[in-house]
Amino acid sequence: MIKKRLQKRLDQCFAEGCQKGFWSDAAADCYAVEEPKHENQGDFSTNMAMVIAGREKKATGKKVNPREIAGHLIKLLEQHSDILERAETAGPGFVNFFIKPSVWQSVVKLVCPADESYGLAAEENGKRVLVEFVSANPTGPLSVGHGRQAVLGDCIARLLDAAGYEVDREYYYNDAGRQMRVLGESTRSRYLELLGLPFEFPEDGYQGEYIYDIARELIEEKGDSLRDIEDVAPFKNKAEACIFKDIHGTLIRLGITFDKYYNEHSLYENGHIDDVVARLRDKGLVYELDGAVWFKTTKFGQKQDRVIIKSSGEPTYRLPDIAYHREKFKRGYDWMVDIFGADHIATVPDVMAGIRALGYDDSKVTVVLHQFVTLMRQGRQVKMSTRKANFVTVDELLDEVGPDVMRFFFLMRKADSQLEFDLDLATSQSQENPVYYVQYGHARLSSILKMAEEKGAKQGTLDDAPLHLLVEPEELRILKGIAAYPSLVIHAANDLAPHRIVFFLQELAGLFHSYYNKYRFISDDADLTRARLWLGHGLRIVLRNGLLLLGMTAPEKM
RNA sequence: GCGCCCGUAGCUCAGCUGGAUAGAGCACCGGACUUCGAAUCCGGGAGUCGCAGGUUCGAAUCCUGCCGGGCGCGCCA
């Protein structure tokens, strides 16, 4: 927010410079306020002079010296000495800003009263966004891959919510079709097997141990009364119910809930599937060949057309996917975010083509593709195979590491990167585990604040807190971190990048730990103690809010 | 063969819309607890940012080509 203030002042100077004829307005909106890497380059800097020089040269052909422009700018900046300690030119023409400590100190007066709401957008931005994630069909327990997606989607939803969007979380699933039939058959087969009756396990059946559990439950409930039934429905329905219950349970353990479960089947029942085909047909974008119905995806930049209805009369997965997305548009969302695993890449262009074909704006749909997770134990990759169902489930992983560690690890990497989940690191209760580094920061700080109370150290009121005493470089760094948090949330939300929050928290916790080891919060100096306790108070709010934003706990003791 | 993603320190990874001497954690070595929590801190070494061109005042970041790894490329989802 300090950056924003500075940006405004800078815009004023730019306009004044135009008026005075120092430069033209060609560079308007092209310059930026940045945060330099090194502290001796100021709190912020701008490339305005270099950008102006570039534009002027392009416009007039005359060479312009950026440092000269910077000189004018610095003159204009003199009237802003209320927030600026000084501004200086550096390097090829940067102007570096040194903000007055009093400005940084004043952030304490923003965080503390705001408390839980610090870092949340002050007001709704009026935009509705739908986040679709997990969307696993009920054929088995959630695997680690789903786990990454679940945590990623959930945290993105939390971020968007914090940034002022109205967020809906949706789980899209299909409990009809071949997959589910096979599930039913697998269950029946296990049922018969457990009863000691002859059975035939389907060739591509689900081999997981969990199918036995379901069959066992079925026997408990119905005995052998289902032994001669031809219909797989009772088996399928039982399996689906059990598995969904299981998935829900897993998600709850992770702290994840959905606003809506959207059943693919309803798209058929409500005629949306047929309607999409009809609309595409009207537009001349489908044709029949070899008994199948094809969608002219080549009209939308693809190499080949795609089948949307098989010769058997059954739609391919593409058609309901397109229909589903059209429904999202119809439901009035301004932004639709889909979280998919890397193995679903191929479907994205088809859905986008469908959206455009139906006359909707596909730029309103953002697909976050996350890469795979590899589990490492003792330096070796844990082999996983879906087919034999010897993959590691989210539940098993949760048993080992717990929800906080799991969330943190899944959020540590940007979605684009493959994620290496180091089980030894995740299970280690100390030292190198980064999760505890942040949580310990919060716990330590909590305990200090409590201790201060017990010792009778007076914090006093915020209004007359002597914040001007917070002048140590470490204190100013912490204050800057606190100040940066709200805009970080906004940017991380808009970029759908929760990992930035993780990195920020690690850094902020690091600043605190260093500070703690060098200075004392509670000392004989009553005023200094008051100021530092308020600093700690503000810092704790940010650590806590950040952890909660990641869906983690902020323990006061550990 | 085609499409998407990745390639930065020994390992795992940050690096926001191109910016000034490329960062962190782990691992390794050496230090710091009679005082607010040592799950912490302080110090140290370590990198031709895969390679080659190009755009620019300026490139880890943008463009092109190549090399290496992952995932896809079905009338499966």
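The model is predicted.

**Empty space inside**

Rolling a probe the size of a water molecule over the atoms shows where empty space is left. Here the count comes to one cavity of 30 Å³ or more. About 40 Å³ of space lies in the largest cavity. Which residues line the largest cavity? They are His325, Asp338, Phe340, Val348, Val351, Met352, Val365 and Val367. Strand 11 (335-341), helix 13 (347-357) and strand 12 (365-370) each give two or more residues to this lining. Helix 13 supplies the largest share, three residues. Sorted by class, the lining has six nonpolar residues, one polar and one charged.

**An open pocket**

Now look at the second largest pocket. Its volume is about 1,600 Å³. How many residues line the second largest pocket? The number is 43, and Glu35, Phe44, Trp104, Lys480 and Ala484 lie nearest the centre. Several elements give two or more residues to the lining, among them helix 1 (2-20), strand 3 (84-90) and helix 18 (499-518). Helix 17 gives the most, with 12 residues. By class, the pocket lining has 23 nonpolar, eight polar and 12 charged residues.

The table sets the two linings side by side.

| Space | Volume | Classes in the lining |
|---|---|---|
| Largest cavity | about 40 Å³ | six nonpolar, one polar, one charged residues |
| Second largest pocket | about 1,600 Å³ | 23 nonpolar, eight polar, 12 charged residues |

**Helix 16, end to end**

Helix 16 covers residues 434-455, which is 22 residues. From its first C-alpha to its last, helix 16 reaches 31 Å. That is close to the 32 Å expected at 1.5 Å a residue. What caps the N-terminal end of helix 16? Asn433 does: a side-chain oxygen lies 3.1 Å from the backbone nitrogen of Val435. After the helix comes Gly456, with a positive phi near 80 degrees.

**Rings that pair**

A search of the whole structure finds 28 aromatic pairs. One of them joins Tyr172 and Tyr324. Their ring centres are 3.9 Å apart, with 10 degrees between the planes. The pair counts as stacked because its planes are under 30 degrees apart. This pair links distant parts of the chain. Tyr172 sits in strand 6 (residues 166-173), while Tyr324 sits in helix 12 (residues 318-330), 152 residues away. Are these two tyrosines buried or exposed? Tyr172 is buried, and Tyr324 is buried too.

Tyr515 and Tyr519 make another pair, this one tilted. Tyr515 has a relative accessible area of 1%, so it counts as buried. Tyr519 counts as buried as well, at 15% relative accessibility, because the cut-off is under 20%.

Ring pairs also build a cluster. Its members are Phe133, Tyr171, Tyr173, Phe244, Phe258 and Tyr261.

**A buried glutamate**

Glu132 lies in strand 5 (residues 128-132). Why does Glu132 count as buried? Its relative accessible area is 2%, and buried means under 20%. What does the side chain of Glu132 contact? It makes a polar contact with the side chain of Lys328, at 2.9 Å.

Terms used:
Residues are numbered from 1 along each chain as its sequence is written. Chains are lettered from A and ligands numbered from 1 in the order in which they are written. This is a predicted model: local features need pLDDT of at least 70, side-chain atom pairs count only at pLDDT 80 or more; totals for chains, interfaces and linings use all residues. Side-chain values use heavy atoms; hydrogens and water are left out. On a 1 Å grid over the protein atoms alone, a cavity is a set of points where a 1.4 Å probe fits but cannot get out, and a pocket is an open set with protein on both sides within 12 Å along at least five of seven lines; lining residues have an atom within 4 Å of a point. Grid points are joined across faces, edges and corners, and a volume is the space filled by probe spheres set on the points. Helices (H or I, at least four residues) and strands (E, at least two) are DSSP runs, numbered from the N terminus. Ala, Val, Leu, Ile, Met, Phe, Trp, Tyr, Cys and Pro count as nonpolar, Asp, Glu, Lys and Arg as charged, and the others, Gly among them, as polar. The expected span of a helix is 1.5 Å times one less than its number of residues. A polar contact is a pair of N or O atoms within 3.5 Å; within protein, one must be able to donate a hydrogen and the other to accept it, and residues adjacent in sequence count only if both atoms are side-chain atoms. Rings of Phe, Tyr and Trp (its six-membered ring) pair if their centres lie within 6.5 Å; planes under 30 degrees apart count as stacked, over 60 as edge-to-face and the rest as tilted. Buried means under 20% relative accessible area, exposed over 50%, partly exposed in between (1.4 Å probe, protein chains only).
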